[in-house]
Amino acid sequence: MKTCYWKLVENSDNALAHKEAAEFIKAGECVAFPTETVYGLGADGLNAEAVKKIFEAKGRPNDNPLILHISKKEDIDQLTTGLNNNAKAIMEHFMPGPITIVINKSDIVPDAVSAGLPTVAVRWPAHKDAQDFIRACGCPIAAPSANISGRPSPTNAQDVMEDMNGKIAGVLDGGSCNIGVESTIVDTTEAVPMILRPGGITYEQLTEVLGVVEIDPALHGDPNFKPKAPGMKYRHYAPKSPVYLFEGDAANCVADEAKKALEKGMRVGVLCDEATAQKLSENEKLFLANWGSNRETLASELYYMLRDYDRTMPDVILAQGVSEEGIGLAIMNRMRKAAGFQIVTLEKGSLLINGQVFQV
Ligand code: TXA
Ligand code: MG
């Protein structure tokens, strides 16, 4: 299949591109589009046949439900049997924005979208082109991230093309996504709202509005808990090279460990902040991904950096952890998954991984 490409122009209405892309959606095809979090791979969310094409293009397991994207508040009414106060408060304070609510679904939501669950996930993105495109389609848009299943989500149109060229009808290119990690998913169907996936809206922002908010215990990587968002159980966001994530005090040891690995002749990827990057000499910086000093920048560049390592393919990647405050919770969730839970900690002066002494 030939994949159409539309370059969107900033501060312009891009009406023709949205209209042409929407024609494909109405014809039951898939089109990728930008949002403020990551690129989505959209199809008509009320057309089960169209939704199946999303799963095929991504190679996504079909027990993993999709998010329905809307372009205005009222669009949610037809998708649900009713919203409780927590769902309403989230809509009022955080939508449109980088948040998704899980609510009880109505009968018009196909099983292909909800993967047979009695609930549906709904998101109203803040990105102007996303909104205009969804409006032009005239239906809720089912959209997962526009990557091949298991790879880091795409945050620019070139990364979408790398995974989807030839498999989908088109790509709307709106440049880079500014948040860079996916939306926060909150299950609002129980008395206490629960974060199923940390993302663009932080835990702190949610507790300020909702009071008590739980975090799905499975997010800590404990195999005794099954994640409530089916997609969170899969290995994800993982580059092909092995990743070690240095957490807590171990985060300060990344430069020294990189030097040791370089001395052994390894090609070493270092994903770190500016202070750590400064400890490396020029010829130690060959596979450096330096995100500076601001965690918002790390969030917006993380997937690009991880995908870039699939192009350069170092022998090993040493990633420096950050604090879990604010957007840090989402960053650490994605980094832990990218590392396949290979976490390095510093205990009594020794670097440990799974209780053993760490050696690159
Ligand atoms: O920022 C985002 O949310 C992006 C953009 C494109 O909007 N979308 C996205 O979709 O990240 P996806 O499919 O990559 O991740 C959706 C997650 C999956 O982990 C899925 O299991 C979960 O949402 N999910 C969907 N419906 C659910 C439901 N009814 N109950 C629990 N989890 C659900
Ligand atoms: Mg995804």
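In the predicted model, the residues that line the second largest cavity divide into six nonpolar and four polar, with no charged residue. The lining is formed by T184, I195, P198, G199, I201, T202, Y203, G326, L329 and A330, and the space within this cavity amounts to about 40 Å³.

Two cavities of 30 Å³ or more were counted. The largest cavity holds about 50 Å³ of space. Its lining consists of P198, I215, L219, H220, E324, L329, N333 and R336, and these residues comprise four nonpolar, two polar and two charged. Helix α11, residues 328-338, gives the most to this lining, with three residues.

The largest pocket contains about 840 Å³ of space. Its lining comprises 48 residues, and R60, N64, P65, I185 and G231 are those nearest its centre. Two or more lining residues come from each of the elements β4 (67-69), α4 (111-114), β6 (119-123), β9 (184-187) and β10 (194-197). Of the elements, β6 gives the most to the lining of the largest pocket, with four residues. By class, this lining has 22 nonpolar, 16 polar and 10 charged residues.

D75 is placed in the loop between β4 and α3 (85-94). Because its relative accessible area of 17% lies under the 20% cut-off, D75 is classed as buried. The side chain of D75 reaches the backbone nitrogen of S71 at 3.2 Å.

Key:
Residues are numbered from 1 along each chain as its sequence is written. Chains are lettered from A and ligands numbered from 1 in the order in which they are written. This is a predicted model: local features need pLDDT of at least 70, side-chain atom pairs count only at pLDDT 80 or more; totals for chains, interfaces and linings use all residues. Side-chain values use heavy atoms; hydrogens and water are left out. On a 1 Å grid over the protein atoms alone, a cavity is a set of points where a 1.4 Å probe fits but cannot get out, and a pocket is an open set with protein on both sides within 12 Å along at least five of seven lines; lining residues have an atom within 4 Å of a point. Grid points are joined across faces, edges and corners, and a volume is the space filled by probe spheres set on the points. Ala, Val, Leu, Ile, Met, Phe, Trp, Tyr, Cys and Pro count as nonpolar, Asp, Glu, Lys and Arg as charged, and the others, Gly among them, as polar. Buried means under 20% relative accessible area, exposed over 50%, partly exposed in between (1.4 Å probe, protein chains only). A polar contact is a pair of N or O atoms within 3.5 Å; within protein, one must be able to donate a hydrogen and the other to accept it, and residues adjacent in sequence count only if both atoms are side-chain atoms.
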